[in-house]
Amino acid sequence: MADLITSAEFKTYAQIDHTDDDTLIAALITDVTADIEALTKLDFAQSVMVDHLNGGSDRLIVKKPPILLVDSIIDTIGLSNAVDNGGFSGDLDDWTVGSGWSYSGNRALHAAAGGTAALSQTLGLTVEAGQTWLVQFRISGQTAGSVTAGVGGNSGTARSSNAMFDETIVVTTASTQVFALTPTTAFDGSVDRVIVSLVDNFLRDPEGYAFNPDSGLIHLIPWAGDDYWFQRASALPSIIWAPGCRRWRVQYTGGYSAVPAIVKMLCKQMVAVLYDQGNPAILQEVQGDSEKKYGPRLAAEIRRKLDRFAEVSF
């Protein structure tokens, strides 16, 4: 979560020319940013997102509009795992276990200063240039360092936090037939729930759908081209995304390239109210109660101005 405004922006707005309260101001900006993002369910900063959405309707609705670009849509029904024992059930059998890795409780553990040898496995499918692979794995107990997934010698993103990760890796050159989890020397943590799937036959053709950038709606279309939008109001056959819970994996670039001016101004107003109160302990007591925290007049303005970004309830 990035702050919606800087301390310098607020101090210019509030005509503050001293540094005595810089620590308080920074904390209040972070607090207000959290309030706005909780109310809108948006973090406003532009980033690549992955949503797993239910089918059964004529639209998919992403969680972080506006949409700048839809990178891929994958039908996850029918995907198979190309690694054996990805859950490390009872042992690390089927895996080539590099130095520094060990087994404990259905997890692969790596100790700090354990070196950079990979935990790897030869895949059950042929790796070729041009393929797209979906890689999922969980990191837990991480205290330092990172681990990076790779397919056929092509690396994904270094992961350095405790979470379930989900990424696509496009094979540019297939130098091996191996899936690998490669740690940094400092990586201290465990890995489990490894799933590696070839998704080429499950990718939706970009010409088969269209998206509304502002609303975050993605529609299937009966034919390619802009005619769909002109015909949308007429009687068209019902076209739905095939049903299934969390069936559709949508990777897209969402959010705002810059924080909207109206949100920045609202943030400054909200920080000013809290700054005038001046006691973080009191603010903590009214956390979650917008009318007590910001006053009924500003609370109403917050609701009115943020309605355009999300459904807001106070």
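**Questions on a predicted model**

Author: Pro-66 lies in the loop between β2 (59-61) and β3 (67-75). The model discussed here is predicted.

Reader: What makes the peptide bond from Pro-65 to Pro-66 cis?

Author: The omega angle decides the matter: for the bond from Pro-65 to Pro-66, omega is near 0 degrees, and the bond is cis.

Reader: Why is Asn-106 called partly exposed?

Author: Buried requires under 20% relative accessible area, and exposed requires over 50%. Asn-106 has 35% relative accessibility, and therefore counts as partly exposed.

Reader: What is the phi of Arg-193, and in which strand is Arg-193 found?

Author: Arg-193 has a positive phi of about 50 degrees, although it is not a glycine. Its place is in strand β13, which covers residues 188-198. The relative accessibility of Arg-193 is 46%, so this residue counts as partly exposed.

Reader: How do you know that Lys-264 forms a salt bridge with Glu-9?

Author: The rule asks for a side-chain nitrogen of Lys or Arg within 4 Å of a carboxyl oxygen of Asp or Glu. In the pair of Lys-264 and Glu-9, the closest N and O atoms are 3.1 Å apart, and the pair is a salt bridge. Lys-264 lies in helix α4 (residues 261-277) and Glu-9 in helix α1 (residues 7-14), so the bridge ties together parts that are 255 residues apart in sequence. Glu-9 has a relative accessible area of 27% and is therefore partly exposed.

Reader: How many salt bridges does the count come to by this rule?

Author: The count is eight salt bridges.

Reader: What makes the pair of Arg-59 and Asp-58 a salt bridge?

Author: The cut-off is 4 Å, and the closest N and O atoms of Arg-59 and Asp-58 are 3.1 Å apart. Arg-59, with 33% relative accessibility, counts as partly exposed. Asp-58 is partly exposed as well, its relative accessible area being 25%.

Reader: What is the N to O distance between the side chains of Asp-166 and Arg-249, and which parts does the pair tie together?

Author: The side chains of Asp-166 and Arg-249 meet in a salt bridge of 2.5 Å, N to O. Asp-166 is in strand β11 (residues 163-170) and Arg-249 in strand β16 (residues 248-254), so the pair joins parts that are 83 residues apart in sequence.

Reader: Why are Asp-166 and Arg-249 called buried?

Author: Buried means under 20% relative accessible area. Asp-166 is buried because its relative accessible area is 18%, and Arg-249 counts as buried because its relative accessibility is 0%.

Reader: What joins the side chains of Gln-136 and Asp-166?

Author: A polar contact joins these side chains, at 3.3 Å; the cut-off for such a contact is 3.5 Å. Gln-136 lies in strand β8 (residues 132-144) and is buried, since its relative accessible area is 17%. Not counting residues up to four places away in sequence, Gln-136 touches His-52, Met-164, Phe-165, Asp-166, Arg-193, Val-194 and Ile-195.

Reader: Why does Ser-146 count as buried although it is found in a loop?

Author: The loop in question runs between β8 and β9 (147-151). The term rests on accessible area, with buried meaning under 20%; Ser-146 has 12% relative accessibility and therefore counts as buried. Leaving aside neighbours within four places in sequence, Ser-146 is in contact with Ala-158, Arg-159, Ser-160, Thr-182, Pro-183, Thr-184 and Phe-187.

Reader: In what order do the three strands of the open sheet stand?

Author: The order is β1-β16-β3, with antiparallel pairing. β1 (47-53) and β3 stand at the edges with a single partner strand each, so one side of each is left without a neighbour in the sheet. From one strand to the next, the twist averages 20 degrees.

Reader: How do you know that β1 and β16 pair?

Author: Pairing requires at least two bridges between the strands. Seven bridges join β1 to β16, and the two run antiparallel. Within the sheet, Asp-51 stands opposite Val-250 in β16.

Conventions: Residues numbered from 1 in each chain as written. Predicted model: local features only at pLDDT ≥ 70, side-chain atom pairs only at ≥ 80, totals over all residues. Heavy atoms only, no water. Helix = DSSP H or I, 4+ residues; strand = E, 2+ residues; numbered from the N terminus. Buried < 20%, exposed > 50% of the residue type's maximum accessible area, 1.4 Å probe, protein only. Polar contact = N/O pair within 3.5 Å; in protein donor to acceptor, adjacent residues only side chain to side chain. Contact = heavy atoms within 4.5 Å. Axes fitted to C-alpha atoms, helices over the stretch in contact; angles between N-to-C directions.
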